[in-house]
Amino acid sequence: MELFNESLTELFFSVTPVARTLLIILFAFGEGLPIVGSFLPGGTIALLVGSLSGNSFISPWLAIHLIALGSLAGDLVGFFAGMKLKNVRSIKKILESEKHIKKWDLFDRHAAIVIIFGKILPVIRSTPALFAGARNMNIGKYICYVLIGSYIWAIGGIFGGKYITKVLGGYSVAIIIGAGVLIGLITLISSRKKKNSS
């Protein structure tokens, strides 16, 4: 196990600092995209970068800013997609249907909570962007809420990864990657089961 962990760590450190920065931004951006973000192990990436930051992989605070801003960029794609999709007939029907009015009112009243804490929850973290865009939410408020949620998520992931490394030592990288793959598989299997049952 230790050999596997060392090989993984060497692999990550063989990537140039510029490539590391771009990969972190890319994963955070993908995590913020609607639908795609539900399956990407964004939390795992933050934990992994946090666990490697103790070995000078990247500055923890730089990684936090890269993750938060990359995630914001992905969320903005979802926000603008929601604004465009609201005019599609099937979506318009859902948005204007009387049976959904109470749910939309609830979303409008508690948008801050849904957007901020939605970032922390796997699977649903990228969906509020579509809803906020479709509901014509003020973009300034939306960006503010997403940044708060993204920074909470990034700080928790980076410093959580550092803590995991302190507790687990040399096995942390392999365990974090294994857990991320396992969570991704469980998410994929459960979404397929739901699709097959409906």
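Colleague: Hi! Quick one to start: where is the place of Arg 20?

Modeller: Arg 20 sits in helix α2. Bear in mind that this is a predicted model.

Colleague: Noted. Is Arg 20 buried or exposed there?

Modeller: Arg 20 counts as buried, because its relative accessibility is 10%, under the 20% cut-off.

Colleague: And how far is Arg 20 from Val 49, C-alpha to C-alpha?

Modeller: The two C-alpha atoms are 9.5 Å apart, while 29 residues separate Arg 20 and Val 49 along the chain.

Colleague: Which residues of α2 are buried?

Modeller: Those are Arg 20, Ile 24, Ala 28, Gly 30, Glu 31 and Gly 32.

Colleague: Then what does the Glu 31 side chain make a polar contact with?

Modeller: With the side chain of Ser 71, at 2.9 Å. Ser 71 belongs to helix α5, residues 60-85, and Ser 71 is likewise buried, with a relative accessible area of 0%.

Colleague: What else is Ser 71 in contact with?

Modeller: If you leave aside neighbours within four places in sequence, Ser 71 touches Ala 28, Phe 29, Glu 31, Gly 32, Lys 119, Ser 150 and Trp 153.

Colleague: Let's zoom out. How many helices and strands does the protein chain have?

Modeller: There are 11 helices and zero strands. Of the 198 residues in the chain, 38% are buried.

Colleague: And what share of the contacts joins residues at least 24 apart?

Modeller: That share is 82%, counted among contacts between residues at least 6 apart in sequence.

Colleague: How about the accessible surface, what does it come to?

Modeller: About 11300 Å² for the protein chain, and 71% of that belongs to carbon and sulfur atoms.

Colleague: Which residues make the nonpolar surface patch?

Modeller: Ile 113, Phe 117, Ile 120, Leu 121, Ile 124, Ile 148 and Ile 152 make a patch of about 600 Å². The elements giving two or more residues to the patch are α8 (111-118) and α10 (139-168).

Colleague: Take Phe 117. What is its relative accessible area?

Modeller: Phe 117, placed in helix α8, has a relative accessible area of 47%, so it counts as partly exposed.

Colleague: Changing topic: how many salt bridges does the count come to?

Modeller: The count comes to one salt bridge. In it the side chains of Arg 135 and Asp 108 meet, at 2.6 Å from N to O.

Colleague: Which parts does that pair, Arg 135 and Asp 108, tie together?

Modeller: Arg 135 lies in the loop between α9 (127-134) and α10, and Asp 108 in helix α7 (residues 101-109), so the pair ties together parts 27 residues apart in sequence.

Colleague: Last one: how accessible are Arg 135 and Asp 108?

Modeller: Arg 135 is partly exposed, with a relative accessible area of 26%. Asp 108 is partly exposed too, with a relative accessible area of 37%.

Notes: Residues are numbered from 1 along each chain as its sequence is written. This is a predicted model: local features need pLDDT of at least 70, side-chain atom pairs count only at pLDDT 80 or more; totals for chains, interfaces and linings use all residues. Side-chain values use heavy atoms; hydrogens and water are left out. Buried means under 20% relative accessible area, exposed over 50%, partly exposed in between (1.4 Å probe, protein chains only). Helices (H or I, at least four residues) and strands (E, at least two) are DSSP runs, numbered from the N terminus. Patches are made of residues with over 30% relative accessible area and no salt bridge: like charges are joined within 9 Å, nonpolar side chains (Val, Leu, Ile, Met, Phe, Trp, Tyr) within 5 Å. Accessible areas come from the Shrake-Rupley method with a 1.4 Å probe; for residues, only the protein chains shown count as cover. A salt bridge is a side-chain nitrogen of Lys or Arg within 4 Å of a carboxyl oxygen of Asp or Glu. A polar contact is a pair of N or O atoms within 3.5 Å; within protein, one must be able to donate a hydrogen and the other to accept it, and residues adjacent in sequence count only if both atoms are side-chain atoms. Contact means heavy atoms within 4.5 Å.
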